[in-house]
Amino acid sequence: MNRVGFVGVGVMGAPMARNLIKGGFTVRVFDISPEAVAGLVEDGAEGASSAAEAAENAHYVITMLPTGRHVEEAVHGSEGVARTLDSGALLIDMSTGLPAHFDAIADRLAESGRKMIDAPVGRTSRDAEDGTLLIMVGGTTEEVDLASQVLGLMGDPVIHCGPRGAGIRTKLINNYVSIVSNAVLAEALTLADCEGLDRQKVIEVLMGTTAGQGHLSTTYPAKVLADDLTPGFMIDLAHKDLGLALRMSQEAGVPHPTGTGALESYSAAREHGMGRLDWTALYKHIRESAGH
């Protein structure tokens with residue numbers, strides 16, 4: 001069980017493949033860039049002229065590609081993995097794409113009795129080099145155990161998120177929080193700059209409150225996730241203070257689309273009678289609005 005086919009050896013895939021080589025696996029790589037393949041061959045990989053060739057006789061096949069459409073072509077295309085994937089092999093998609101695309105690809109592969117799991121990654125290209133990616137896996141316990149020897153060379157921790165498809169869904173939720181947080185932080189620090197504040201002092205304050213420490217490590221475990229909505233900070237007050245911040249932002253000429261969207265959510269919760277509940281009740285309101 002030491003042969004790996006690796007499809008997609010770009011910025012993230014190349015260091016991941018190198019870590020497998022360093023870990024003692026025989027790795028055959030394919031990429032649409034001949035230069036990318038040549039670079040891995042210099043580091044001890046075997047080169048392949050197609051995804052199908054990369055997968056031939058492999059015990060594991062890894063895809064690390066830009067989108068679900070690319071994965072579909074790499075798996076089910078005319079020169080795809082499905083042409084040569086052994087029935088006992090495991091296909092591990094580590095790309096980030098639309099969950100529905102992954103589901104369709106995996107379902108089609110399963111029709112021929114072959115296994116595919118999702119294992120997208122978090123963190124950076126530096127972590128890919130160091131083998132410290134955070135890997136989110138979706139599959140059965142048996143499949144995840146089977147994949148552990150290769151995944152463990154590329155990431156730490158490796159988190160089993162649930163059944164097939166749970167990994168990519170968890171990855172997108174993680175990115176949702178991270179990317180939206182980036183937008184509101186950009187708005188907030190710009191407002192601080194425009195108000196003539198000392199940025200480092202502002203950051204010092206933010207890091208001493210929920211703003212910088214994050215709701216998942218402060219308010220949510222103590223309140224809404226513990227079914228306790230007695231107010232530590234009421235939705236009414238959150239709505240008021242956010243409104244004041246947005247008024248200041250407007251007067252300073254700072255764009256604040258993320259803050260405006262958040263105000264709409266707090267307004268909707270108030271309209272549903274939640275104004276005097278803890279501000280984490282916003283989660284309860286949105287769950288109810290989604291029918292959960």
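This is a predicted model: local features need pLDDT of at least 70, side-chain atom pairs count only at pLDDT 80 or more; totals for chains, interfaces and linings use all residues.
Q: Which residue of β6 stands opposite Leu91?
A: That is Met116, which stands opposite Leu91 in the pairing of these strands.

Q: Let me step back for a moment: how many helices and strands does the chain have?
A: The secondary structure comes to 14 helices and 9 strands, and the chain that carries them has 292 residues, of which 41% count as buried.

Q: What box do the C-alpha atoms fill?
A: Taken along the principal axes, the box that the C-alpha atoms of the chain fill is roughly 65 × 40 × 30 Å.

Q: Back to the strands, then. What does β8 pair with in the parallel sense?
A: Strand β8, which spans residues 133-138, pairs in the parallel sense with strand β9, residues 155-162, and this pairing extends over 5 bridges. Within it, Val137 stands opposite His160 in β9.

Q: Which helix does the chain pass through between β8 and β9?
A: The chain goes from β8 through helix α7, which is made of residues 141-154, and then on to β9, and the β-α-β crossover formed in this way is right-handed.

Q: How does β7 run relative to β8, parallel or antiparallel?
A: Strand β7, at residues 121-122, runs antiparallel to β8 and is joined to β8 by 2 bridges; here Val121 stands opposite Ile135 in β8.

Q: How many of the residues in β8 are buried?
A: The strand is mostly covered, since 5 of the 6 residues in β8 are buried.

Q: Changing topic to the helices: at what angle do α4 and α5 cross?
A: The axes of helix α4 (residues 68-76) and helix α5 (residues 99-110) cross at roughly 15°, and they come within 9 Å of each other. Because angles under 35 degrees count as roughly parallel, α4 and α5 are roughly parallel to each other, and their crossing is left-handed.

Q: How many disulfides are there in the whole structure?
A: A search of the whole structure finds 0 disulfides.

Q: What about Cys161, is it buried or partly exposed?
A: Cys161 is partly exposed, with a relative accessible area of 28%, and Cys194 is also partly exposed, with a relative accessible area of 47%.

Q: One last thing: where does His215 lie?
A: His215 lies in the loop between α10, residues 210-213, and α11, residues 219-222, and this histidine is partly exposed, with a relative accessible area of 30%.

Q: What separates the C-alpha atoms of His215 and Thr280?
A: The C-alpha atoms of His215 and Thr280 are separated by 8.6 Å, while along the chain these two residues are 65 residues apart.

Terms used: Residues are numbered from 1 along each chain as its sequence is written. Side-chain values use heavy atoms; hydrogens and water are left out. Two strands pair if DSSP finds at least two bridges between them. Helices (H or I, at least four residues) and strands (E, at least two) are DSSP runs, numbered from the N terminus. A crossover is right-handed if, with the strands pointing away from the viewer, the path from the first strand over the helix to the second runs clockwise. A disulfide is a pair of cysteine sulfur atoms within 2.5 Å. Buried means under 20% relative accessible area, exposed over 50%, partly exposed in between (1.4 Å probe, protein chains only). Axes are lines fitted to C-alpha atoms, for helices over the stretch in contact, and angles run from 0 to 180 degrees between N-to-C directions. Angles under 35 degrees count as roughly parallel, over 145 as roughly antiparallel, 65 to 115 as roughly perpendicular and the rest as oblique. A crossing is left-handed if the near helix is turned anticlockwise from the far one by less than a right angle, and right-handed if clockwise.
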